[in-house]
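I keep these entries as a record of what I looked up in one structure, for a reader who is new to it. Each entry takes one topic.

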Amino acid sequence: MSKTGIDPHLALAAGAAARASESSRQNALLKAGALQNAILNSASFSIIATDEHGIIQLFNIGAERMLGYSAAEVVNRIRPSDIHDPQEVKARAEALSLELDTPIAPGFEALAFKASREIEDSYELTYIRKDGSRFPAMVSITALRDADRIIGYLLIGADNSARKLAESKLNQALAVAEEANRAKSDFLSGMSHELRTPLNAILGFTQLIESGSPSPTVAQKRNLDQILKAGWYLLELINEILDLALIESGQLTVSREPVSLLEVTQECRAMVESQAHHRGVTMTFAPLPDPCFINADRTRIKQVLINLLFNAVKYNRPGGMIAVEYALCDPESIRISVRDTGTGLTPEQLAQLFQPFNRLGREGGKEEGTGIGLVVTKRLVEIMGGRIGVDSTVGVGSVFWVEVGVAMAPKLVFPAEEAGAPPRVTPDSRLRTVLYVEDNPANLELVEQLIARRTDLRLLMAADGETGVEFARAYLPELILMDISLPGIGGIEAMQILRADPSTAHIPIIALSANAVPRDIAKGLKAGFFNYLTKPIKVNQFMDALDAALAVSHKASAVTDEPRKDQA
């Protein structure tokens, strides 16, 4: 006897008896034909069994209901592939042939191929009813085996019409939503243009009056200041709403590439420090001991940091401090923190921080704002693959931080045969001008080094789209290299402006961008770029592209010069 008082031999005997009883019940179930009857009488699923040659041997009630045939009409007469769409069966055979590198004949062989090799298989095909109508079905197929020999196949199918209809409705709804998004973006873009045009006149003429002669009176000066303040605020609101609309509609693209963190923070500091000084706020920037590059869009990361710095100035206390700090989170990312000594935020305010048009109860305060800036900032950081957050203590201040990926310093990609190769010189010894429009100093330096290898070329550089257009019109270069993501107008817009100008329309423009996905390249070429090169720069590819574009430029210049010779 055991400690529990139960004889272990009796327990073992009871277990064996239970198992024997269960096995007996299973055998009885099978012998009674309950399972077979349930399968044959199932109206929800089509169940078709074939012999080893694929000829139908069993056609249950569900198959009769779905397909309109009686069992007598198909058993020993046809194969399942005879009631499938023949084009789909053929396509499946071709796909399997490519996938498995094995010739597969269309027909039932294509349907049963994987199952015959004990590979679980299910697929979607179109069934054809007896009356010729069609419906989509999900079908799973299993090989039936007796020892090592296949004796047939079992196909279990379900009508997939309801799911297909739901998918179709969903796709239609998504298409409608996408069209609405496009319409909204087009509307906002158009409205932005319509609002900017009169606003430009308001701000321009107000500044003329303010700086004109005779000087405005004190009262007039006060009124002009109010007009300018409201005008600049309205312009900020227009810009932020347009940015948010583009982001929400998925139309805002970023060009992520290695960006010098030191250069970006120095530029941001230069833009914000005068306002901080005016308010008595001291700014300090932690040193960056080693050259540090981040994987970001240069224009957008500047927009992010400037927004955080301006907020730190705006909501700081008089005589307060701002500290910009850096910390490696891991070998692949760095955290940039903007610490202020403002009033801080309550937990309730933190929970509402990134909501559009929510100014956290500061609507009646002296500081103006749109309530959109931080929302745009958050979206931009996330589009660039980063994270943003905030830590805050009431009465102490806040720390807004951004985490972005670390990148290797930009470099040229030299093929082995390129090392030590002499500079390329074309037979035409005339010095030709190449204009490079790019806001990233590291990229400018790289291209400058490349162009220096060509004794037949000289390089002009512009740091934004507007300046690039002005330089192109003033200097009429033989070739323009254009970054896509630029401050102000983007590369595509700048290219379109030059294409519309008769004096610059003939100049080949090569896109040089970190936007390297196929749709970006296709979009750039469709927009009108002569060529589209992706970063990092490959030297041979770059030089070949220059030669091809310069050859076209030379022919275009010869054509445009002909009328002048005739007139002479």
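**Entry 1: ground rules.** I am working with a predicted model, in which local features need pLDDT of at least 70 and side-chain atom pairs count only at pLDDT 80 or more, while totals for chains, interfaces and linings use all residues. Residues are numbered from 1 along each chain as its sequence is written, and side-chain values use heavy atoms, with hydrogens and water left out.

**Entry 2: helix H6.** How many residues of helix H6 are buried? I found eight of the nine residues in H6 (residues 108-116) to be buried, where buried means under 20% relative accessible area, exposed means over 50%, and partly exposed lies in between (1.4 Å probe, protein chains only). The buried residues are Phe108, Ala110, Leu111, Ala112, Phe113, Lys114, Ala115 and Ser116. Their cover includes helix H5 together with the strands S1 (46-51), S3 (121-128), S4 (134-146) and S5 (149-159). Just after H6, I noted that Glu118 has a positive phi of about 60°.

**Entry 3: H5 against H6.** Two packed helices are described by the angle between their axes and the distance between the axes. For H5 and H6, the axes come within 8 Å and cross at roughly 40°; here axes are lines fitted to C-alpha atoms, for helices over the stretch in contact, and angles run from 0 to 180 degrees between N-to-C directions. The two helices are therefore oblique to each other, since angles under 35 degrees count as roughly parallel, over 145 as roughly antiparallel, 65 to 115 as roughly perpendicular and the rest as oblique. The crossing of H5 and H6 is left-handed, meaning that the near helix is turned anticlockwise from the far one by less than a right angle. On the H5 side the contact (heavy atoms within 4.5 Å) is made by Val89, Arg92, Ala93, Leu96, Glu99 and Leu100, and on the H6 side by Ala110, Leu111, Phe113 and Lys114.

**Entry 4: a parallel sheet.** I next looked up an open sheet of five strands, which run in the order S14-S13-S15-S16-S17 with parallel pairing; two strands pair if DSSP finds at least two bridges between them. At the edges are S14 (457-462) and S17 (531-534), each of which pairs on one side only. On average, neighbouring strands of this sheet are turned by 20° against each other, direction ignored. S13 (residues 432-437) pairs with S14 over six bridges in the parallel sense, and Arg432 stands opposite Leu457 in S14. Helix H15 (residues 491-500) packs on the sheet, where it touches S15 and S16 (509-513), and its direction makes about 155° with that of S15.

**Entry 5: salt bridges.** My search of the whole structure finds 23 salt bridges, each being a side-chain nitrogen of Lys or Arg within 4 Å of a carboxyl oxygen of Asp or Glu. One of them joins Glu167 and Lys164 (4.0 Å, N to O), which both lie in helix H7 (residues 161-211), three residues apart, about one turn of the helix. Glu167 is partly exposed at 30% relative accessibility, and Lys164 is partly exposed at 32%.

Which side chain meets Arg339 in a salt bridge? I found Glu325 there, at 3.3 Å from N to O. Arg339 lies in strand S10 (residues 333-340) and Glu325 in strand S9 (residues 321-330), so this pair ties together parts that are 14 residues apart in sequence.

The side chains of Arg335 and Glu403 also meet in a salt bridge, at 2.7 Å from N to O. Because Arg335 lies in S10 and Glu403 in strand S12 (residues 397-407), the pair ties together parts that are 68 residues apart in sequence. Arg335 is partly exposed at 24%, whereas Glu403 is buried at 12%.

**Entry 6: positive phi.** Most residues other than glycine have a negative phi. I noted Asn76, whose phi is near 65°, in the loop between helix H4 (71-74) and H5 (86-100); Asn76 is exposed, with a relative accessible area of 54%.

Conventions. Helix = DSSP H or I, 4+ residues; strand = E, 2+ residues; numbered from the N terminus.
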